[in-house]
Amino acid sequence: MDLLTAAKEVREHAYAPYSNFKVGAAIRSKSGAVYTGCNVENVAYPEGTCAEAGAIAAMIAAGDTEITEALVIADSPLPVSPCGGCRQKLAEFGSSDVRVTMTTLAGKTEVLTMAQLLPGAFTQEHMEGN
Ligand code: THU
């Protein structure tokens, strides 16, 4: 399945009554499987989770661990940009050359690599020796 269709579909299930900003994310893993997630908000606002986090959780739950591409979509004027926390979460499972497509329902699209999204990422290398 293509990531755009998958992300659009899952976005419909987003639970975003507080922001009214529905986000869908789809990631492909090395096995070729596609995993999706949407944002899930909470009345205790900080407890909400992002679409990317949901897609990553689905991938890990299925036994996959390596992201080869990702796509995020929202009904926004500009392509939706993964938040800082989600950049770090994506970097845990996607190498620096993984392409992340950010797009809008209207089709405005931007593609950046993980290295561009999170330059100087904190990685396991920084913990070597521990
Ligand atoms: N959100 C995501 O799910 N992913 C992003 O990349 C940006 C922001 C969600 C979090 C919150 O539910 C809503 O969008 C507004 O910030």
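Good morning. Residues are numbered from 1 along each chain as its sequence is written, and side-chain values use heavy atoms, without hydrogens or water. Because the model is predicted, local features need pLDDT of at least 70 and side-chain atom pairs count only at pLDDT 80 or more, while totals for chains, interfaces and linings use all residues.

I begin with the fold. The protein chain holds four helices and five strands, taken as DSSP runs (H or I, at least four residues, for helices; E, at least two, for strands). From the N terminus, the order is α-β-β-α-β-α-β-β-α. The C-alpha trace spans about 45 × 35 × 30 Å along its principal axes.

Now to the ligand. Which residues surround the ligand? They are S19, F21, V23, N39, E41, C50, A51, E52, S81, P82 and C83, where near means a heavy atom within 4 Å. This shell divides into six nonpolar, three polar and two charged residues.

A ligand oxygen lies 2.5 Å from a side-chain N or O atom of E41. For the side chain of N39, the corresponding distance is 2.9 Å. The protein covers 77% of the 370 Å² of accessible area that the ligand has on its own, by the Shrake-Rupley method with a 1.4 Å probe.

Thank you.

Technical notes: A polar contact is a pair of N or O atoms within 3.5 Å; within protein, one must be able to donate a hydrogen and the other to accept it, and residues adjacent in sequence count only if both atoms are side-chain atoms. Ala, Val, Leu, Ile, Met, Phe, Trp, Tyr, Cys and Pro count as nonpolar, Asp, Glu, Lys and Arg as charged, and the others, Gly among them, as polar.
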